[in-house]
Amino acid sequence: MLAITLRAVWRPSSSSRLLSTTTTTSTTDGVKKPATLVLLRHGESMWNSQNLYTGWCDVPLTKSGELEARTAGRLLYDNGFQFDSCHTSLLRRASFTANMCLNTANQHWVQVHKTWRLNERHYGLLQGYNKDTAYADLGIDPLLLMRMRRTWGEPPPKMPDTHPYWHGGDRRYEGLGSEDLERSRGESLKMTAERVCKYYDEEVKPRLLRGENVLIVSHANTLRSLIKVIDSITEASIKTMTIPTGIPMIYRLDAETLEPIEPKALPGYGA
């Protein structure tokens, strides 16, 4: 419950120490040092500000969102964080945030890995519609939308090929198999978590176990999926967790088990 409170409210403890950012895995006495993982939600996007379902739609950052990305980079720089790799989605709001953050942190040279598995949850037919009026605009039962937003396993209505934001012909998704493409017509939180955790298990965990410092720049539901796994949070609790834009979340992970040691946000952010 401590981890949930800290990450939902973002109040760093006044007594918490800065985390070690060295890439060396062991000390002189042979004891492995904790791994460091930083999670960062992209800065505010144009559609965040307009209260629209965004999902896989490729929208830019607002000026405020660009400032959030640079501020995150400055905080990481000021606190001595050095990264071995960065992982982000194929969507510009996350990709631009990663670039701006790393540039400001004077780590523009760090290799950035991009994957569709770190994309935001796909909201299906709802993408591009206002969150408050989508049910009326599309003639959808509002109870269905409530279940979709508040339950772990309820997907939205599927996006058809005729939808203006259908991504089936987008070159960046040519590598998706037919099954993954079909699943991406509209995802439940559970479906999103499955693809996100697959990437985490296969690409991120091995790096952490090697002692690398890893930065993941992604989206609200993507990061919820990771936090759920790392902190062993229940499905009921993770659905209500709010993840603000542009605030670095710091994990110190046990070098052997990758279980969290100390949850915290960076100094410089108040309540």
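This is a predicted model: local features need pLDDT of at least 70, side-chain atom pairs count only at pLDDT 80 or more; totals for chains, interfaces and linings use all residues.

I began with burial in helix 9, and found Ala-220, Asn-221, Thr-222, Leu-223, Arg-224, Ser-225, Leu-226, Ile-227, Lys-228, Ile-230 and Asp-231 buried. That is eleven of the twelve residues, so I noted helix 9 as mostly covered.

Next I checked the length of helix 9.

Then I turned to the packing partner. Helix 8 (residues 189–209) and helix 9 (residues 220–231) have axes that come within 9 Å and cross at roughly 70°. Angles of 65 to 115 degrees count as roughly perpendicular, so I logged helix 8 as roughly perpendicular to helix 9. The crossing is right-handed.

Who makes the contact? From helix 8 I listed Leu-189, Thr-192, Ala-193, Val-196, Cys-197 and Tyr-200; from helix 9, Asn-221, Thr-222, Ser-225, Leu-226, Val-229 and Ile-230. Sorted by class, that contact has eight nonpolar, four polar and no charged residues.

**Arg-93**

My last stop was Arg-93, which lies in helix 4 (residues 92–104). Is Arg-93 buried or exposed? Its relative accessible area is 2%, so I put it down as buried. Beyond its neighbours within four places in sequence, Arg-93 is in contact with His-42, Ser-45, Thr-54, Gly-55, Cys-57, Val-59, Leu-61, Glu-120 and His-219. For Val-59, 34 residues away along the chain, I noted a C-alpha separation from Arg-93 of 6.4 Å.

Key. Residues are numbered from 1 along each chain as its sequence is written. Side-chain values use heavy atoms; hydrogens and water are left out. Axes are lines fitted to C-alpha atoms, for helices over the stretch in contact, and angles run from 0 to 180 degrees between N-to-C directions. Helices (H or I, at least four residues) and strands (E, at least two) are DSSP runs, numbered from the N terminus. Angles under 35 degrees count as roughly parallel, over 145 as roughly antiparallel, 65 to 115 as roughly perpendicular and the rest as oblique. A crossing is left-handed if the near helix is turned anticlockwise from the far one by less than a right angle, and right-handed if clockwise. Contact means heavy atoms within 4.5 Å. Ala, Val, Leu, Ile, Met, Phe, Trp, Tyr, Cys and Pro count as nonpolar, Asp, Glu, Lys and Arg as charged, and the others, Gly among them, as polar. Buried means under 20% relative accessible area, exposed over 50%, partly exposed in between (1.4 Å probe, protein chains only).
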